[in-house]
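Hi everyone, thanks for making time this morning. I'd like to walk you through one model, so let me put the sequence and the structure up on the screen.

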Amino acid sequence: MDDNDRDAGRAARPKRADARRNEKALLEAAAAVFVTSGVEAPIRDIAAKAGVGTATIYRHFPTRADLIVAVYRHQVEALAEAGPALRATSETPHAALGRWIDLFVDFLVTKHGLAAVLQSDDPCFDPLHSYFLDRLLPVCTQLLDAAAAAGEIRTGQDAYELMRGVGSLCAGAGTDPRYDTRHLVELLIAGLRRAH
């Protein structure tokens with residue numbers, strides 16, 4: 001067995017439950033720090049928030065780019081998993097759609113510095129946009145389809161257009177205190193309703 005075979009065996013082996021919990025805690029701490037301080041926040045701040053040493057972070061994520069990609073993927077996964085959960089627990093499909101879009105807004109407006117990173121020349125970030133669309137478009141489509149099937153919204157709504165529209169409204173958020181992203185998104189979602 002050569003080194004490549006051993007490395008492949010290690011890569012294929014699933015992580016222990018405690019290792020998965022530790023990694024999840026690190027990702028959640030990093031995400032929280034990114035919200036307040038941006039993606040260039042010192043690693044020591046993330047370590048302090050997670051209650052670990054910086055060496056632990058570097059053991060899991062050898063570079064800042066690795067950490068940024070992992071946080072992004074973790075948050076996309078949480079958003080993707082929220083769709084079916086909201087469909088199962090919400091009073092109506094339209095309510096599930098509204099709650100999911102609210103989570104989507106949270107995701108978009110808390111990405112301080114991530115947009116610039118994603119537009120960088122670093123090739124490790126190239127697949128993230130496709131990953132985002134591959135994971136979230138089907139979830140949004142299912143929520144729209146369920147609301148349309150229930151007769152709550154007009155049929156034929158396009159998930160990509162809706163997500164782009166919400167993204168554009170979120171892009172306007174900034175230092176203007178009169179610009180209320182959530183209110184504008186609520187108006188957009190209310191506008192999907194069928195006239196009775």
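Predicted model: local features only at pLDDT ≥ 70, side-chain atom pairs only at ≥ 80, totals over all residues.

Let me start with a question: at what angle do H5 and H6 pack, and how far apart are their axes? The angle is about 170 degrees, and the axes lie 9 Å apart. Anything over 145 degrees counts as roughly antiparallel, so that is the label for H5 against H6. On the H5 side, the contact is made by Tyr 72, Gln 75, Val 76, Leu 79, Ala 82, Gly 83, Leu 86 and Arg 87. H6 brings Ala 96, Arg 99, Trp 100, Leu 103, Phe 104 and Phe 107 to the contact. Sorted by class, this contact of H5 with H6 has ten nonpolar, two polar and two charged residues.

Now let's step back to the whole chain. As for contacts between residues at least 6 apart in sequence, 66% join residues at least 24 apart.

Next, something for those of you who like pockets. The second largest pocket has a volume of about 210 Å³. Which helices each supply at least two residues of its lining? They are H2, spanning 17–37, H5, spanning 64–89, and H6, spanning 93–109. H5 gives the most, with five residues. The lining of this pocket includes Glu 28 and Ala 31, then His 74, Gln 75, Ala 78, Leu 79 and Ala 82, and also Leu 103, Asp 106, Phe 107 and Thr 110. By class, the lining residues divide into six nonpolar, three polar and two charged.

One last residue before I hand over. His 94 is found in helix H6. Is His 94 buried or exposed? Its relative accessibility is 10%, and the cut-off for buried is under 20%, so His 94 counts as buried. Leaving aside residues up to four places away in sequence, His 94 touches Ala 147, Glu 152, Ile 153, Ile 189 and Arg 193.

Note on methods:
Residues numbered from 1 in each chain as written. Heavy atoms only, no water. 1 Å grid on protein atoms, 1.4 Å probe; cavity = no way out; pocket = protein on both sides within 12 Å on 5 of 7 lines; lining within 4 Å. Points joined across faces, edges and corners; volume = space filled by probe spheres on them. Helix = DSSP H or I, 4+ residues; strand = E, 2+ residues; numbered from the N terminus. Nonpolar A, V, L, I, M, F, W, Y, C, P; charged D, E, K, R; others polar. Axes fitted to C-alpha atoms, helices over the stretch in contact; angles between N-to-C directions. Parallel < 35°, antiparallel > 145°, perpendicular 65-115°, else oblique. Contact = heavy atoms within 4.5 Å. Buried < 20%, exposed > 50% of the residue type's maximum accessible area, 1.4 Å probe, protein only.
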